[in-house]
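User: Please examine the structure shown here and answer a series of questions about it.

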Amino acid sequence: MDIAQELLDQVVAHAQELPGEECCGVIAVDDLTARRAQRVYRAENVHRSDLRFEIEGTELLKLCEAIEEQGWELGAIYHSHVRSAPYPSQTDVGFAALWPDVEWLIVGLSDPANPEVRSYVIEGAQISEVPIDVREVPV
Ligand SMILES: [Zn+2]
(Lines give C-alpha, C1' and ligand atoms only; values in the text may rest on other atoms or scores of the structure.)
Protein backbone atom coordinates (compact mmCIF):
# COMPACT_ATOMS: atom_id res chain seq x y z
CA MET A 1 0.00 0.00 0.00
CA ASP A 2 0.90 3.65 -0.30
CA ILE A 3 0.85 5.39 3.05
CA ALA A 4 1.88 8.81 4.28
CA GLN A 5 4.57 8.87 6.94
CA GLU A 6 2.13 10.60 9.28
CA LEU A 7 -0.41 7.77 9.04
CA LEU A 8 2.23 5.09 9.44
CA ASP A 9 3.46 6.94 12.52
CA GLN A 10 -0.07 6.74 13.95
CA VAL A 11 -0.04 2.95 13.58
CA VAL A 12 3.40 2.61 15.19
CA ALA A 13 2.41 5.00 18.00
CA HIS A 14 -0.64 2.85 18.76
CA ALA A 15 1.59 -0.22 19.04
CA GLN A 16 4.07 1.58 21.28
CA GLU A 17 1.31 2.86 23.57
CA LEU A 18 0.35 -0.75 24.28
CA PRO A 19 3.64 -2.55 24.75
CA GLY A 20 1.97 -5.38 26.72
CA GLU A 21 -0.79 -6.28 24.30
CA GLU A 22 -1.38 -6.58 20.60
CA CYS A 23 -2.92 -3.34 19.35
CA CYS A 24 -5.19 -3.46 16.33
CA GLY A 25 -7.11 -1.31 13.92
CA VAL A 26 -7.87 -0.75 10.28
CA ILE A 27 -6.62 1.50 7.51
CA ALA A 28 -8.96 2.99 4.92
CA VAL A 29 -7.71 3.32 1.35
CA ASP A 30 -9.09 5.22 -1.63
CA ASP A 31 -9.62 2.02 -3.60
CA LEU A 32 -8.33 -1.54 -3.64
CA THR A 33 -6.26 -1.06 -6.79
CA ALA A 34 -4.19 1.99 -5.89
CA ARG A 35 -4.38 1.27 -2.15
CA ARG A 36 -3.53 4.79 -1.02
CA ALA A 37 -4.07 5.05 2.71
CA GLN A 38 -6.55 7.73 3.79
CA ARG A 39 -7.10 7.29 7.49
CA VAL A 40 -6.12 5.09 10.41
CA TYR A 41 -8.90 3.86 12.70
CA ARG A 42 -7.96 2.38 16.04
CA ALA A 43 -9.88 -0.60 17.36
CA GLU A 44 -9.90 -2.53 20.60
CA ASN A 45 -8.32 -5.94 21.02
CA VAL A 46 -11.12 -7.75 22.84
CA HIS A 47 -8.63 -10.24 24.29
CA ARG A 48 -6.21 -7.57 25.57
CA SER A 49 -3.63 -10.25 24.97
CA ASP A 50 0.02 -10.13 24.03
CA LEU A 51 -0.42 -13.29 21.95
CA ARG A 52 -3.45 -12.64 19.80
CA PHE A 53 -5.94 -10.05 18.77
CA GLU A 54 -9.53 -9.91 17.69
CA ILE A 55 -11.70 -6.95 16.80
CA GLU A 56 -15.23 -7.44 17.99
CA GLY A 57 -17.63 -8.01 15.10
CA THR A 58 -19.88 -5.03 15.85
CA GLU A 59 -16.93 -2.67 16.13
CA LEU A 60 -15.47 -3.90 12.86
CA LEU A 61 -18.82 -3.48 11.16
CA LYS A 62 -19.09 0.11 12.45
CA LEU A 63 -15.60 0.87 11.16
CA CYS A 64 -16.52 -0.58 7.77
CA GLU A 65 -19.62 1.63 7.65
CA ALA A 66 -17.63 4.74 8.59
CA ILE A 67 -15.11 3.97 5.85
CA GLU A 68 -17.85 3.33 3.31
CA GLU A 69 -19.51 6.65 4.17
CA GLN A 70 -16.32 8.40 3.11
CA GLY A 71 -16.34 6.53 -0.18
CA TRP A 72 -13.25 4.57 0.85
CA GLU A 73 -12.46 0.88 1.18
CA LEU A 74 -11.13 -1.24 4.00
CA GLY A 75 -7.56 -1.55 2.78
CA ALA A 76 -5.72 -3.10 5.68
CA ILE A 77 -6.12 -4.58 9.11
CA TYR A 78 -3.16 -3.80 11.33
CA HIS A 79 -1.96 -5.24 14.59
CA SER A 80 1.22 -5.54 16.58
CA HIS A 81 3.40 -8.44 17.63
CA VAL A 82 4.73 -7.63 21.05
CA ARG A 83 7.66 -10.03 21.08
CA SER A 84 7.70 -11.93 17.81
CA ALA A 85 8.69 -10.89 14.31
CA PRO A 86 6.12 -9.04 12.20
CA TYR A 87 5.09 -12.17 10.34
CA PRO A 88 1.53 -13.58 10.29
CA SER A 89 0.88 -16.25 12.92
CA GLN A 90 -1.35 -19.27 12.33
CA THR A 91 -4.12 -17.38 14.15
CA ASP A 92 -3.66 -14.44 11.78
CA VAL A 93 -3.86 -16.73 8.76
CA GLY A 94 -7.10 -18.21 10.10
CA PHE A 95 -8.61 -14.76 10.70
CA ALA A 96 -7.45 -13.58 7.28
CA ALA A 97 -9.66 -16.16 5.59
CA LEU A 98 -12.65 -14.07 6.73
CA TRP A 99 -11.19 -10.90 5.22
CA PRO A 100 -10.07 -11.40 1.64
CA ASP A 101 -8.75 -8.36 -0.26
CA VAL A 102 -7.22 -6.66 2.77
CA GLU A 103 -3.57 -6.29 3.55
CA TRP A 104 -2.23 -7.46 6.89
CA LEU A 105 0.01 -4.82 8.31
CA ILE A 106 2.00 -5.96 11.32
CA VAL A 107 4.16 -3.89 13.65
CA GLY A 108 6.93 -5.93 15.28
CA LEU A 109 8.02 -4.63 18.67
CA SER A 110 10.63 -7.20 19.59
CA ASP A 111 13.11 -4.32 19.50
CA PRO A 112 10.97 -1.51 21.00
CA ALA A 113 13.36 1.20 19.89
CA ASN A 114 13.17 0.02 16.28
CA PRO A 115 9.63 -1.05 15.43
CA GLU A 116 9.50 -3.03 12.22
CA VAL A 117 6.43 -2.71 9.99
CA ARG A 118 5.59 -5.19 7.25
CA SER A 119 2.52 -5.88 5.17
CA TYR A 120 1.17 -9.10 3.68
CA VAL A 121 -1.55 -10.45 1.50
CA ILE A 122 -2.84 -13.76 2.83
CA GLU A 123 -4.70 -16.02 0.42
CA GLY A 124 -5.62 -19.36 1.91
CA ALA A 125 -2.40 -20.63 3.47
CA GLN A 126 -0.28 -18.52 1.13
CA ILE A 127 1.42 -15.53 2.73
CA SER A 128 2.98 -12.96 0.41
CA GLU A 129 4.75 -9.86 1.62
CA VAL A 130 3.71 -6.68 -0.19
CA PRO A 131 5.56 -3.37 -0.25
CA ILE A 132 4.74 -0.42 1.97
CA ASP A 133 5.48 2.74 0.01
CA VAL A 134 5.90 5.53 2.49
CA ARG A 135 5.20 9.04 1.29
CA GLU A 136 6.15 12.25 2.98
CA VAL A 137 2.92 13.96 1.99
CA PRO A 138 -0.60 12.48 2.32
CA VAL A 139 -2.10 11.37 -0.99
ZN1 LIG B 1 -0.46 -11.56 14.58
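This is a predicted model: local features need pLDDT of at least 70, side-chain atom pairs count only at pLDDT 80 or more; totals for chains, interfaces and linings use all residues.

User: Which arrangement do the 4 donor atoms around the zinc ion adopt?

Analyst: The protein donors are His79 (NE2), His81 (NE2) and two OD atoms of Asp92, lying 2.0 to 2.7 Å from the zinc ion. A tetrahedral label would require all angles to lie between 85 and 135 degrees. Because the 4 donor atoms subtend angles of 53 to 162 degrees, the arrangement is irregular.

User: How many residues apart in sequence are the parts that His79 and Asp92 tie together?

Analyst: Along the chain, the donors of the zinc ion follow the spacing H-x1-H-x10-D. His79 belongs to strand β4 (residues 73–81) and Asp92 to helix α3 (residues 90–96), so the parts that this pair ties together are separated in sequence by 13 residues.

User: Are His79 and Asp92 buried or exposed?

Analyst: The criterion for a buried residue is a relative accessible area under 20%. Both His79 and Asp92 are classed as buried.

User: Is Tyr87 buried, partly exposed or exposed?

Analyst: Tyr87 is located in the loop between β4 and α3. Its contacts, leaving aside residues up to four places away in sequence, are His81, Asp92, Ile106, Tyr120 and Ile127. With a relative accessible area of 45%, Tyr87 is partly exposed.

User: How is the aromatic pair of Phe53 and Trp104 classified?

Analyst: The structure holds 4 aromatic pairs. In the one formed by Phe53 and Trp104, the separation is 6.4 Å centre to centre, with 55 degrees between the planes. The pair links distant parts of the chain, 51 residues apart: Phe53 is in the loop between β3 (37–43) and α2 (57–69), and Trp104 is in strand β5 (residues 103–108). Phe53 and Trp104 are buried, and their pair is tilted.

User: What geometry do the rings of Tyr87 and Tyr120 have?

Analyst: Tyr87 lies in the loop between β4 and α3 and Tyr120 in strand β6 (residues 116–123), so the pair joins parts that are 33 residues apart in sequence. Tyr120 counts as buried, at 3% relative accessibility. The ring centres of Tyr87 and Tyr120 are 5.4 Å apart and the planes stand at 85 degrees, so the pair is edge-to-face.

User: Which residues form one aromatic cluster?

Analyst: Two of the members, Phe53 and Trp104, form a tilted aromatic pair. The cluster consists of Phe53, Phe95 and Trp104.

User: How many disulfides does a search of the whole structure find?

Analyst: A disulfide requires cysteine sulfur atoms within 2.5 Å. The sulfur of Cys24 is 6.7 Å from the closest cysteine sulfur, in Cys23, which is too far for a bond. Cys23 is buried at 1% relative accessibility, and Cys24 is buried with a relative accessible area of 0%. The number of disulfides found in the whole structure is 0.

Definitions and conventions: Residues are numbered from 1 along each chain as its sequence is written. Side-chain values use heavy atoms; hydrogens and water are left out. Donors are N, O and S atoms within 2.8 Å of the metal (3.2 Å for Na, K and Ca); water is not among the atoms, so sites may look incomplete. Four donors count as tetrahedral if all angles lie between 85 and 135 degrees; four count as square planar and six as octahedral if opposite donors are over 155 degrees apart and all others between 65 and 115; anything else is irregular. Helices (H or I, at least four residues) and strands (E, at least two) are DSSP runs, numbered from the N terminus. Buried means under 20% relative accessible area, exposed over 50%, partly exposed in between (1.4 Å probe, protein chains only). Contact means heavy atoms within 4.5 Å. Rings of Phe, Tyr and Trp (its six-membered ring) pair if their centres lie within 6.5 Å; planes under 30 degrees apart count as stacked, over 60 as edge-to-face and the rest as tilted.
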